[in-house]
Amino acid sequence: MKIKVDKSGLGRSKWYEYVVRFAFGGTVTALAGIIAKRFGPEVGGLFLAFPAIFPAAATLIEKHEKQKKEHAGLQGVVRGRKAAGVDAAGAWMGGIGLIAFAFLVWQGLPRLTMSIVLGGATFVWFVTGVLVWEFREKLWRRWAHRSNAAHRLRTSVRP
């Protein structure tokens with residue numbers, strides 16, 4: 001699988017869908033700030049890890065994929081769900097990077113400047129996400145190869 005940017009989704013999105021994404025993300029961030037002020041930064045930090053944009057993005061991906069299939073005269077419910085699931089897999093891999101990011105910020109800020117810590121943590125987040133993706137790709141290929149080999153073996157050995 002090649003990673004690519006698909007700008008065609010920008011044209012399929014309506015202006016109010018962007019508003020929903022930003023409003024949801026902003027609301028979650030504001031609530032995390034309120035919780036942090038009331039219960040302390042450790043508890044507030046838990047809520048900053050909430051996927052503020054992903055739920056809105058997943059529903060829009062599902063909707064757009066479903067509409068695309070239905071426009072072609074096909075049933076699009078399953079395709080929409082699968083597309084949102086693939087997006088969730090990417091979010092999972094980015095979440096592993098977020099763990100590395102948060103750890104470095106937590107450990108680095110008491111000793112280093114904000115710009116150095118955030119720059120380094122962002123770089124580590126990106127590298128971690130890519131490495132997790134590469135690792136998953138290698139596992140997936142190995143699993144698919146073994147599955148195909150086992151299938152060939154079963155179908156070639158006939159009584």
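**The aromatic pairs**

A: Trp143 counts as exposed because its relative accessibility is 53% (exposed means over 50% relative accessible area, buried under 20% and partly exposed in between, with a 1.4 Å probe and protein chains only). Trp140, at 51% relative accessibility, therefore also counts as exposed. Both tryptophans belong to helix H6, where three residues, about one turn of the helix, separate Trp140 from Trp143 (helices are DSSP runs of H or I of at least four residues and strands are E runs of at least two, numbered from the N terminus). The model is predicted, so local features need pLDDT of at least 70 and side-chain atom pairs pLDDT 80 or more, while totals for chains, interfaces and linings use all residues. Residues are numbered from 1 along each chain as its sequence is written, and side-chain values use heavy atoms, without hydrogens and water.

Across the whole structure, a search finds two aromatic pairs (ring centres of Phe, Tyr or the six-membered ring of Trp within 6.5 Å; stacked under 30 degrees, edge-to-face over 60, tilted for the rest). One of them joins Phe103 and Trp106 in an edge-to-face arrangement, with 5.7 Å from centre to centre and 75° between the planes. These two residues both sit in helix H5, which covers residues 77-108, and they too are three residues apart, about one turn of the helix. Phe103 has a relative accessibility of 45%, so this residue counts as partly exposed. Trp106 counts as exposed, because its relative accessibility is 59%. The pair of Trp140 and Trp143 is tilted, with 5.3 Å from centre to centre and an angle of 35° between the planes.

Another ring, that of Phe39, has a charged neighbour: Arg38 lies over its face, at 4.9 Å from the ring centre (CZ of Arg or NZ of Lys within 6 Å of the centre and within 35 degrees of the ring normal).

The chain has 159 residues, of which 19% count as buried. It exposes about 12200 Å², and carbon and sulfur atoms supply 70% of that area (Shrake-Rupley method, 1.4 Å probe).
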